[in-house]
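Subject: Handing over a structure

Dear colleague,

I am passing on the structure below, and after it I set out what was found in it. Please look it over before reading on.

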Amino acid sequence: MGEPRIRVSALLRWKGRLLLCRHEKPGKEYWLLPGGGVNPGESIVDALDRELAEELGLHDSVPVEGPIGICESIAPVQEPGAKHVIHIIFAGDLSERSLESVTSVDAAVRGHRLFALDELDAIQLHPPIQRFLGRWEPGDPMVYLGPLWAR
């Protein structure tokens with residue numbers, strides 16, 4: 001297993017719903033909070049701004065709270081190429097914006113969708129933090145969610 005990778009993401013709400021990005025691997029579809037990896041020498045906030053521009057086309061800075069949560073995705077099998085990702089989660093509200101222009105230049109993103117909180121249990125979410133997303137409220141303390149793995 002290589003060095004842990006740091007991934008920043010944002011719980012972005014729009015009028016009570018949550019914006020997620022769709023990804024695909026052969027034979028399966030899964031959803032992620034918008035975000036991505038932190039480059040060497042880049043702050044986590046700068047990385048989040050860059051990733052939101054790449055994955056959503058949000059080129060002006062989105063006001064965020066946080067970090068609101070941290071969790072880890074650690075592959076259960078320790079083999080070469082096995083992943084260890086540290087997820088640092090922020091939160092923002094997009095309710096005052098139009099989402100008509102949401103678009104991605106990131107080849108890994110296959111689409112976007114707004115989900116009601118009660119729809120989250122029906123989707124494959126990486127990492128599997130549906131319960132946290134459904135319960136989090138602005139102003140809540142930051143929480144460590146532990147090591148989580150979604151197949």
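Where is the place of Ile123? In this model, which is a predicted one, Ile123 sits in the loop that lies between β7 (111–115) and α2 (130–135). If its neighbours within four places in sequence are set aside, the residues in contact with Ile123 are Leu20, Trp31, Phe115 and Gln130. Glu65, by comparison, stands 58 residues from Ile123 along the chain, and the C-alpha atoms of these two residues are separated by 25 Å.

Turning to the chain as a whole, you will find two helices and eight strands in it, and their order along the sequence is β-β-β-β-α-β-β-β-α-β. The C-alpha atoms fill a box of roughly 45 × 35 × 35 Å when this is taken along the principal axes. The radius of gyration of the protein chain is 15 Å, which agrees with the value near 15 Å that a compact globule of 151 residues would have. Of the contacts between residues at least 6 apart in sequence, 70% join residues that are at least 24 apart.

As for burial and surface, buried residues account for 44% of the 151 residues in the protein chain, while the accessible surface comes to about 8100 Å², with 53% of that surface belonging to carbon and sulfur atoms.

There is also the matter of cavities. How many cavities of 30 Å³ or more does the count come to? The count comes to one, and the volume of the largest cavity is about 30 Å³. The residues that line the largest cavity are Arg7, Ser9, Leu33, His87, Ile89, His126, Pro127 and Ile129. Sorted by class, this lining has four nonpolar residues, three polar residues and one charged residue. Two strands, β1 (5–14) and β6 (84–93), each supply at least two residues of the lining of the largest cavity.

To follow these points on the model, you could begin with Ile123 in its loop between β7 (111–115) and α2 (130–135), and then go on to β1 (5–14) and β6 (84–93), which each supply at least two residues to the lining of the largest cavity.

With kind regards

Note on methods
Residues numbered from 1 in each chain as written. Predicted model: local features only at pLDDT ≥ 70, side-chain atom pairs only at ≥ 80, totals over all residues. Heavy atoms only, no water. 1 Å grid on protein atoms, 1.4 Å probe; cavity = no way out; pocket = protein on both sides within 12 Å on 5 of 7 lines; lining within 4 Å. Points joined across faces, edges and corners; volume = space filled by probe spheres on them. Helix = DSSP H or I, 4+ residues; strand = E, 2+ residues; numbered from the N terminus. Nonpolar A, V, L, I, M, F, W, Y, C, P; charged D, E, K, R; others polar. Rg over C-alpha atoms; globule rule 2.2 N^0.38 Å. Buried < 20%, exposed > 50% of the residue type's maximum accessible area, 1.4 Å probe, protein only. Contact = heavy atoms within 4.5 Å. Areas by Shrake-Rupley, 256 points an atom, 1.4 Å probe, with all protein chains shown as cover.
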